[in-house]
Structures are given as C-alpha cells and as structure tokens.
Amino acid sequence: MGKAKTKNQKKARVNAAHVAQEDYGTVPHSFVFHRGQVGKNVAQLVQDMRRVMEPFTAESLKVQKKNVLKDFVAVAGPLGVTHFLVFTKTPSSINMRLARLPKGPMLHFRVLKYSLVKDVVSSLKKHRMHQHQFSHHPLLVLNNFGVEGLQVKLMATMFQNMFPSINVHKVNLNTIRRCVLINYDPLSQEIDFRHYSVKVVPVGMSRGVKKLMQERFPNMSKLEDISELLLKGANLSESEAEQDGEHNITELPQVYSGRGNMRSQQSAVRLTEIGPRMTLQLVKIEEGMGEGSVLYHAVISKTEEELQEILKRKEAELKRKEERRKKQQQDVAQKKEKREENRKKSLEGIKKKLDGQAGGSDESEVEDPGMQEDRPAIESEDEAEYYRQAVGEEPDEDMFSASTRKRGASRPPRPYKKRKLSSEKGPAQDGASKPWKDGKRGPRPGGLAEGRGGDRLPHRKGGKKISGKMAREGGPKWKGQKGKPQAGARRKGPGKPWAGAGRKGPGKPQAGAGRKGPGKPQAGAGRKGPGKPRAGAGRKGPGKRRP
C-alpha cells in the first residue's frame, strides 16, 4: 500500500484546485460557430479554429438552424463566454465576425484565402503535432499593429483580449507549446493568421552529440575512435542538421522539457506550422452586437451631417423602444391586479355560498328543483281519477298509496320515456273520442283518458315479470293482495271481469276486450284473424289508411 498523504499535502492540493478554478474564471472564453449554409470546407474551418482556441472554448458546441444570435448571447453570460467568432458564407465571399460580449464592439472581416489543417500538414515532410500541445492556450504574437489608425488599435486590442494574458515573470515555459502569429500589412491592409507548434532544442554541440542525446546511435564501423564522432560528426547527412542561427537561438531562463534543454544554456526555438491559415481584411466595425452605429467602414465613407442624422434616428428608435417597454409593463401590472381582484371576488362568492348552505340546511327559502316532494301525491291523484273514469267505482284507500316510489332528495326525477308514434298509428287529429259498439261515447277502456291531451300512461320501470307479462307498480293486485285490480289488467281466477279486462274462461267479453275464442270483435279491437281495422289504427296487413 502507498503512503498516506499528510495533512499539509491535502491542504496544498485543495488550495491549488481553488486557485486553478479562480484562474479559469478570469481568463477569456469563446464560442466558435457558423450561421446559415456554409458548406463542408467552411464547417471544417470552424472546427480547426476551435482547436486553435482550446482549451478555453466550447469544442462540442451544437448549433441548430432555428438558433439566432440572441440565443448564444443569453447562454454566454452564465458560462463566462467573452468572445464570439462567427463564420458566414455568401455567394461572393466568406465572412468572419469577431464580437466582444456583452456590449460589443463587433468587427467584420472578409476571409480572402484560407487553408485547413489537413492541407497544411499534408504539405510538410515531418509535422509536429500531438494532443498534449492543446492542453494549454497558445502564445499570441502581434506584428505591425503599431501604425496609426483607430481601427488598427481596436483590432490589436480585440486580438489580445481573445487569449489569456501572460506574466513573463511567473510563466512556466513548459506550458508554451503553440504560437499564434497575427501580422498586419499596412499597404494592402490585410491580416495574416498563422498557427505554429513550438519546439526547443539545445545548440552548441556537434551533430554526433545530438544523436547520442536523442538515443539515435550512428554507424561507427569506419571510425577508429569515438573522438572522431564527437569532433567531426562523420557519416552524418546534412539534412539531419537544422539551420539554426541568431534569429532563433536564445538562453533558457528555466529548464525546458527535452534532452539537453538546461537552464542558462543556449537553445534554439523552432516553429512548425500546423494550421489553419487565413488571410483577412477588415470591412467595418459596429457598436454593440451588430445593432449599433458603424464606427468604421473600409468602403463607405459618410459626412458629419449624415452621421448626425443616423445618430438621431438611433436615439428616436431607442426612445420608442423604451416607451413600448413601459407600456407593456403597465399592461402586465394591470392584468395582474385584475386577476387578483377576480380571484378575491370568487373566493368571497364561494364563502357566501358555503355559509348559505350551512345556515339554510334545515329550512331553505329557495325551492330545490331536485327535491320534488309533491310529485308522488300528484301522480297518485291522477291515477285515482283515471281509475274512476275507467271503472266507474271509487278505488280503495290503500290502492295507490304505495304505487308511486318516493325518490330521495339526492336523486333527480327520471324523465318519462317517450313513445315513438308514427303517422299511421297516431290518434285522431280532432282529438274526439270515437263511438263504440254500444253507441256510447267516452274514453275507451284501457285506452286514452280524457283531459290528458291524447298522451298515453307514463311508462314505469321496475315491475315484476309474471307469465311473460310485466306487472307494473300500482297495477293489478295478485294473490295475497287486497283491493280491486286496475283497469286493463288480466286475472286468472274466476269472476266477472270488469270492462276492458281480458279472461281465459267462457263468457261474454266487453266490447273492445281481447279474447281467444270466437266472437265478433269490436271495431278497432286487436285480433289475430282478419277483420276491418279501425280508422287510424296500426295493423300489419293491408288496409285503407286514414289520410
């Protein structure tokens, strides 16, 4: 098992992580993305520029078609992003916009020429690029940006702020693995962008010693002594030696990674281009995130009066925006107050309703339509009256007392079931009762009742099924019941049937009563055999219909 870490070591590691987190938050971060249709090559250029800006950039940033610039600005604040590099493509040119967040300015460049990383690396005989180089930010080198001109100074400031600053007294040389060179040409006003890999090698020794330091042993079969290899460097090709000189030889202030790179020793700094490569030209500079006034334009120049007019229009537009914003805030506040007032009124109404229900539970002043206590009595009186008219006798006292079911307060009354009446089977149009065989006028026994508007008896459910027939509540009485049967009911026992009652035994049925035996049926009475139907009565066989 390894040795446990001491308390001081743990504390030092926590402090180092805290310092690294603070440093990470203070350095600039960037988003590199494209807008619109750019093509495969420009999309690859965007990926190569992300590699240049590593590690302080979003290397896996996903961009959708529906995203607009405001979406990126909204997420840039919480993430600490300070710069945008936006690539676009038109039919005539490729453009790059460099913006400083959150309030600008924004620089518009035209990409005149560019080369991808794969193009640059394929042209080299031996490239020097590995993943460890991109773990630290590159070293920025600006050239020829000291000329006069506001736009030149602004470009230099923007490029400097894109990369973290370096303290030359505290920097660790081993973290400098890459270099970004930006050169400005005052005559053509073009900017050259280059990306290099940095390598440091020792100088002041022969090529043979370098071979031995690199553990690459040459062929010494033709040498008599090892001193010939150290002094002359025999049998070594000239291509293996680099052309170093005063332009790239320096004294190292620190120990640098690599064999022979010691402190206070002469070493040569060698640069190898790893791409991408771009040639840019400044077009214009705008205030804000592309929505402000134009500070500089390379093609269009405006007079002082035109600039003042543009400034007035901008101020008027900003004023209108502010007025609209205030009006929207007032409308939102009014709607909120109204909604709160309606809510209070609703709560008061609910409270009053609950109080009224609690106070009026015993005796309510308003009649509840669901509680119809009078309906059983009314129905009972109607049936009693109908019985008197049909039979001609007074009904017993207890005949209709239990015929009508009393519904509870919680159950609403059921509507009567309507019967579908066709034009052939409907009642007479004038509503008058038809004369019967005995010459008397009046309601047909078991048929329609007077004073009821030609309506039939209400259909009730819940009867007891006996011998294929449904015994209704309030209908005829059977065995074990007292009282006389209702009109239109059948009975099994012997006796004199009342008017309109059916019977199986022999006897003279009343006019209009149904029977199975032979006899002359009343006009309009239902029978199985042939006969002349009553006018307006429905039948299955052929017959003359009443108009």
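The legends below describe an overview and several close-up views of one predicted protein model.

**Figure 1. Overview of the predicted model and its confidence****.** Residues are numbered from 1 along each chain as its sequence is written. In this predicted model, local features need pLDDT of at least 70, side-chain atom pairs count only at pLDDT 80 or more, and totals for chains, interfaces and linings use all residues, while side-chain values use heavy atoms, with hydrogens and water left out. The average pLDDT (the predictor's confidence in each residue, from 0 to 100) is 74 for the protein, and 62% of the residues score at least 70. Residues 234–241 have a pLDDT below 50; beyond near neighbours in sequence, this stretch makes 12 contacts in the model, a contact being heavy atoms within 4.5 Å. Residues 535–539 also stay under 50 in pLDDT, with 10 contacts beyond four places in sequence.

**Figure 2. Secondary structure, burial and surface of the protein****.** The protein has nine helices and 13 strands; helices (H or I, at least four residues) and strands (E, at least two) are DSSP runs, numbered from the N terminus. Of its 547 residues, 26% are buried, where buried means under 20% relative accessible area, exposed over 50%, and partly exposed in between (1.4 Å probe, protein chains only). The protein exposes about 39,700 Å², of which carbon and sulfur atoms supply 51%; accessible areas come from the Shrake-Rupley method with a 1.4 Å probe, and for residues only the protein chains shown count as cover. Among contacts between residues at least 6 apart in sequence, 61% join residues at least 24 apart.

**Figure 3. Arg35 and helix 2****.** Arg35 lies in the loop between strand 1 (30–34) and helix 2 (40–53). Arg35 is buried yet has no salt bridge, and the nearest side chain of opposite charge, Asp71, is 6.8 Å away. For charge, Lys and Arg count as positive and Asp and Glu as negative, whereas His and the chain ends are not counted. Leaving aside residues up to four places away in sequence, Arg35 touches several residues, including Val63, Phe72, Phe87 and Arg97. Helix 2, with 14 residues, reaches 20 Å from its first C-alpha to its last, close to the 20 Å expected at 1.5 Å a residue; the expected span is 1.5 Å times one less than the number of residues. Buried residues of helix 2 include Val42, Leu45, Asp48 and Arg50.

**Figure 4. The salt bridge of Arg277 and Glu273****.** Side chains of opposite charge can pair when their charged atoms come close. A salt bridge is a side-chain nitrogen of Lys or Arg within 4 Å of a carboxyl oxygen of Asp or Glu, and by this rule the count comes to nine. In one of these, Arg277 meets Glu273 at 2.8 Å, N to O. Arg277 is partly exposed at 30% relative accessibility, whereas Glu273 is buried at 14%.

Figure 5. The side chains of Arg343 and Glu340 meet at 2.6 Å, N to O. Arg343 is partly exposed at 43% relative accessible area, and Glu340 is partly exposed at 33%. Salt bridges with shared partners join Glu385, Arg388 and Glu394 into one network.
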